[in-house]
Amino acid sequence: MTGRLRMAAAGVFAAAVLLAVAVVAVRRPAATPERRGMLLAQRLGCFNCHGAGGAGGMPNPGAEEGEVPGWTGGALAMYASDDAEVREWIASGRAGAARPLRGVSADAETPRTGLLKMLAFAGFVSPRGIADLAAYVEAVAGWSRPGSKDDPTATVKRGRAVAASSGCFGCHGAGGLTGGPNPGSFTGAIPPWTGGDFRELVRNDEELRGWIRDGSIPRLESNPAARWFLHRQAIRMPLFRTRLAPRDLDALVAYIRSL
């Protein structure tokens, strides 16, 4: 093979590699803070103590609760009242210097005698990583919005309850904010209800309502490439048209849009 042919072959190979990398990049799920936080929590071993997805802890001999708390069921409110305190808890292992746990007297020693202690991650995680972890923890805890524990409007609150009782969080992740794997789909994942993937999938409230009711969007069904991925993916959007009352559908749309 002449030098010119070798160079041409090398060029073709390089182009093919670049094309493959580009396809992988395009198909990678968009990273939201909550999704990044979930993956980071998994890598750091947070679920080893706080339970699968942070939803339930493991036994902790000597602790008042008897276990390492999960982040659901209001447990997070015992340790932090807002996003800044959640970040502080993750970074330093304590929210508020020498402050007792909420609802526990200052001289109570029992809550601090558990064998398993909260770790300080400031030396292992970047500030953005701390923020992502906090966003995920708050999503699992069901706080109304990342960075806030204020009650949402009644309709949005009802919408979150509808999503929870309808099993939406099983696929779209904690609070609908992280998504989950979906083999065969375009990105390989079920999209969370925030971020670029969802905005591309559902462009307005009419499409969102149709997606929930009928499990499809005419704009995507009319596109051969989009239709191929939609019908190829392992997990498909179920049809809720006979399962949700109009009021519940309105509330669910309101919750999703509030995110």
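Where in the chain is confidence lowest, and where is it highest? Colour the model, which is a predicted one, by pLDDT (the predictor's confidence in each residue, from 0 to 100): confidence is lowest in helix 1 (residues 3-27), at a mean of 48, and highest in helix 9 (residues 205-214), at 95. Helices here are DSSP runs of H or I with at least four residues, numbered from the N terminus. For the chain, the mean pLDDT is 82, and 78% of its residues reach 70 or more.

Next, select residues 12-26, where pLDDT stays under 50 and the model has 1 contact (heavy atoms within 4.5 Å) beyond four places in sequence. Then select residues 97-111, where the pLDDT is also below 50, although this stretch has 27 contacts in the model beyond near neighbours in sequence.

Move on to Glu85 in helix 4, which counts as buried because its relative accessibility is 12%, the class being under 20% relative accessible area, with exposed over 50% and partly exposed in between (1.4 Å probe, protein chains only). Show its side chain together with Ser81: a polar atom of the Glu85 side chain lies 2.8 Å from the backbone nitrogen of Ser81.

Finally, select Leu116, in the loop between helix 4 (83-92) and helix 5 (127-141); with a relative accessible area of 35%, Leu116 is partly exposed.

Residues are numbered from 1 along each chain as its sequence is written. Because the model is predicted, local features need pLDDT of at least 70 and side-chain atom pairs count only at pLDDT 80 or more, whereas totals for chains, interfaces and linings use all residues, and side-chain values use heavy atoms, with hydrogens and water left out.

Definitions and conventions:
Helix = DSSP H or I, 4+ residues; strand = E, 2+ residues; numbered from the N terminus. Polar contact = N/O pair within 3.5 Å; in protein donor to acceptor, adjacent residues only side chain to side chain.
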